[in-house]
Amino acid sequence: MIHINRLPRPSKLTDEMVKRLTQQYKDDGTSVWNKPYIKDTLLEMTHHKCCYCEAPLNERGGFMEVEHVHPKHEYPDEVLDWENLLPICKNCNINKSSYDTKKYGFVDSSLVDPKDYFQTKNYRYMPKNDEAQATRKLLKLNSADTLVSKRFNIGNAILEKVEDLLEEVIEHQGKPDKFLNDVNTLREVLKLVQPDKSYSAIISSVLLNSRSYNRIKEIIKDANHWDISLEDLEKSARQIAFDEVKN
């Protein structure tokens, strides 16, 4: 889960259009939110990921459903309120169901930074407060088969790559061409934990807290090869990474 910077409401979704479509929903229950210009903007807003679990939603939105943060059956006047819409995967939508987020605790990542509500440990979300606890339980964010295993597979592959890279960096000190190749390899690794990547909030946390990664960074800095590109990539990853619970 990462903080979502909400994009402006689509120009086609005018006040008049909102009023007309909201009334249509009230009259016959039509899914008035399933408009390409709405779904496309929502997908862009979250880098084509579920707003909660960060599972990938395909480029055409085929696995995407439109989330109403405040449930539409309870709050029909908000059915097209732009601040109430987010892209969501089917699993999270089923889990959240008609949970009343106005009455009960819930972490809306378009309003708050999830880093203030969660830490992570072993590819799992660890809540800091009751709102976070309710959100984790409701959405099943630590489901072993649907989420944790996928995060682990991606994160473990990255950690193995970083551990191998550390050996190469140590070996290649004093060998400029090979050392520069290692620097570029680290650059590619950092690209794997950017906000547009699936499950990147937890994966970035795992990488940035890795001893091997930080040792590589130290060696590259000592060799004066830690450049602006690496700095920017790490900064972007740190903006979404959680603090990890120490054992």
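From the N terminus on, the elements of the protein follow the order α-α-β-β-α-β-β-α-α-α-α-α-α. This description rests on a predicted model, in which nine helices and four strands are assigned. The C-alpha trace spans about 75 × 40 × 25 Å along its principal axes. Of the 247 residues of the protein, 47% count as buried. Among contacts between residues at least 6 apart in sequence, 70% join residues at least 24 apart.

The largest nonpolar core contains 74 residues, of which Tyr 52, Leu 80 and Phe 118 touch the most other members. Helix H5, formed by residues 144–171, supplies the largest share of this core, with eight residues. The surroundings of Leu 80 were examined with its neighbours within four places in sequence left aside. On that basis, Leu 80 is in contact with Leu 13, Val 18, Leu 21 and Thr 22, as well as with Val 32, Trp 33, Ile 38 and Leu 85.

One cavity of 30 Å³ or more is present in the structure. The space in the largest cavity amounts to about 40 Å³. Its lining consists of Ile 2 and Ile 4, together with Thr 46, Lys 49, Cys 50, Cys 51 and Glu 54.

Helix H4, which covers residues 130–139, has Ala 132, Thr 135, Leu 138 and Leu 139 as its buried residues. Viewed down the axis of H4, these buried residues fall within an arc of 135 degrees, and they therefore line one face of the helix. Helix H3 (90–96), strand E3 (118–121) and strand E4 (124–127) are among the elements that cover the buried residues of H4. On the face of H4 turned away from its buried side, the exposed residues Asp 130 and Lys 137 are found.

Both ends of H4 show local features. At the start of the helix, a side-chain oxygen of Asn 129 reaches to within 3.3 Å of the backbone nitrogen of Glu 131. After the helix comes Lys 140, which has a positive phi, near 55 degrees.

Technical notes:
Residues numbered from 1 in each chain as written. Predicted model: local features only at pLDDT ≥ 70, side-chain atom pairs only at ≥ 80, totals over all residues. Heavy atoms only, no water. Buried < 20%, exposed > 50% of the residue type's maximum accessible area, 1.4 Å probe, protein only. Helix = DSSP H or I, 4+ residues; strand = E, 2+ residues; numbered from the N terminus. Arc of directions from axis to C-beta. Contact = heavy atoms within 4.5 Å. Polar contact = N/O pair within 3.5 Å; in protein donor to acceptor, adjacent residues only side chain to side chain. Core = buried A, V, L, I, M, F, W, Y, C linked by side-chain atoms within 4.5 Å. 1 Å grid on protein atoms, 1.4 Å probe; cavity = no way out; pocket = protein on both sides within 12 Å on 5 of 7 lines; lining within 4 Å. Points joined across faces, edges and corners; volume = space filled by probe spheres on them.
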